[in-house]
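Student: I am new to this structure and would like a close look at one part of it, the salt bridges. Please take me through them one by one, and say where the partners sit.

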Amino acid sequence: MSSRHVRYLEKLHLSDPVLLKRRRMLKDSKRRAFKKGLPHNLVLEDIPAPTHCPALGIELDWASRISAGDNSPSLDRVVNDLGYVKGNVQVISALANRMK
């Protein structure tokens, strides 16, 4: 990340990589729900920030700039047909989400 970009994020009080990824997960989940015609009622507080993947036990890399790295956090719908609703999402590793 360039120093210019870091200063920009700090100016916006968004220098926390966990908060940034959770916000992106929320935004992306809204877009995917709309595109797939699925319900969506999540707010930022509904997206947990675990340190380890509950499925594989590997440490999640919240600071990674690579969005599809094996240990990157990924938002998972527990029951796909229910959509992005409270109680139906969990954060797991990208690897576990691809294996599912």
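Tutor: Lysine 100 and aspartate 76 are joined through their side chains by a salt bridge, with 2.8 Å from N to O. This is a predicted model, and the distance comes from its coordinates. Aspartate 76 belongs to strand β1, while lysine 100 is in the segment after α3, so the bridge ties together parts that are 24 residues apart in sequence. Lysine 100 has a relative accessibility of 54% and counts as exposed, because the cut-off for exposed is over 50%. Aspartate 76 has a relative accessible area of 3% and is buried, since buried means under 20%.

A second salt bridge pairs arginine 98 with aspartate 70, and here the closest N and O atoms are 2.3 Å apart. Arginine 98 lies in helix α3, which covers residues 94–99, and aspartate 70 lies in the loop between α2 and β1 (73–77); the pair therefore ties together parts that are 28 residues apart in sequence. Both residues fall in the middle class of accessibility: arginine 98 is partly exposed at 49%, and aspartate 70 is partly exposed at 40%.

Arginine 31 and aspartate 28 form a salt bridge between their side chains, at 3.8 Å from N to O. That distance counts because the rule asks for a nitrogen within 4 Å of a carboxyl oxygen. Helix α2 (residues 17–36) holds both arginine 31 and aspartate 28, three residues apart, which is about one turn of the helix. Arginine 31 is partly exposed, with 48% relative accessibility. Aspartate 28, at 19% relative accessible area, is buried, because the limit for buried is under 20%.

These pairs are among the four salt bridges counted in the model.

Now the setting. The protein has three helices and two strands, and from the N terminus on they follow the order α-α-β-β-α. Of its 100 residues, 34% count as buried; aspartate 76 and aspartate 28 are among the buried residues. Among contacts with a separation of 6 or more, 49% are between residues 24 or more positions apart.

How values were computed:
Residues numbered from 1 in each chain as written. Predicted model: local features only at pLDDT ≥ 70, side-chain atom pairs only at ≥ 80, totals over all residues. Heavy atoms only, no water. Helix = DSSP H or I, 4+ residues; strand = E, 2+ residues; numbered from the N terminus. Buried < 20%, exposed > 50% of the residue type's maximum accessible area, 1.4 Å probe, protein only. Contact = heavy atoms within 4.5 Å.
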